[in-house]
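The sequence and structure come next.

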Amino acid sequence: PQAFIQCSYNEDNDTIYITDELRKVNMKQQSFAGKLKKYKNVEIIADSEAPDKISDWQDWGFDIIGATKRWKGGGRDYAWEWIQTVRKIVIDSDRTPFIAIEMKKAEHEVLKDGSFSSAYPKLDEDCICALIYSLNRVIIDSKKENNYVDYEEDDSDNDNYDDESED
């Protein structure tokens with residue numbers, strides 16, 4: 001499946017606003033991109049595991065980059081944890097039904113002792129992953145601000161992220 005999430009984060013009121021989504025199964029990448037042409041001039045952050053696909057999207061005129069995944073062994077868990085700490089997530093279930101369903105199903109496993117596992121829930125998560133990618137810069141900035149210890153400051157791995165504070 002392919003998923004796209006349009007969202008924004010308001011730091012002042014600690015709220016994520018999810019405003020649009022597209023999720024398709026068994027659709028060719030170029031057809032999927034065609035359905036998102038209104039977002040050609042909006043930066044899209046995608047899974048960096050397939051640079052050839054990102055290159056294709058760039059060839060089709062999209063402003064797309066790969067997500068920075070420099071958070072050894074705890075990135076997805078950290079991103080999920082960060083999303084859970086946000087004060088409010090606004091989802092219009094009519095406009096964004098798939099992410100609404102995934103967020104409702106996203107629960108941590110209950111352990112034998114009755115406590116909850118801290119591990120990222122195992123679920124059908126295409127839209128949640130797309131949400132995490134779209135919030136990539138916000139989440140990474142949060143890791144820096146919170147001095148998250150597994151964040152590496154190695155510029156050679158930082159091709160997909162420009163720290164605006166250095167300008």
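The disulfide count comes to zero, where a disulfide is a pair of cysteine sulfur atoms within 2.5 Å. Cys-127 shows why: its sulfur is 9.4 Å from the closest cysteine sulfur, in Cys-129, too far for a bond. Cys-129 is likewise in no disulfide, with the sulfur of Cys-127 as its nearest, 9.4 Å away.

This is a predicted model: local features need pLDDT of at least 70, side-chain atom pairs count only at pLDDT 80 or more, and totals for chains, interfaces and linings use all residues. Residues are numbered from 1 along each chain as its sequence is written, and side-chain values use heavy atoms, without hydrogens or water.

Buried means under 20% relative accessible area, exposed over 50%, and partly exposed in between (1.4 Å probe, protein chains only).

| Residue | Relative accessible area | Class |
|---|---|---|
| Cys-127 | 0% | buried |
| Cys-129 | 18% | buried |

Cys-127 and Cys-129 are among the buried residues of H5. Helices (H or I, at least four residues) are DSSP runs, numbered from the N terminus. Helix H5 spans residues 126-134, and seven of its nine residues are buried, so it is largely enclosed by the rest of the structure.

Next, helix H4, residues 97-105. Its buried residues are Ile-99, Ala-100, Glu-102 and Met-103. Down the axis of H4 they fall within an arc of 165°, so they line one face of the helix. The arc is that of the directions from the helix axis to the C-beta atoms. On the other side of H4, Lys-104 and Lys-105 are exposed.

Technical notes. Helix = DSSP H or I, 4+ residues; strand = E, 2+ residues; numbered from the N terminus.
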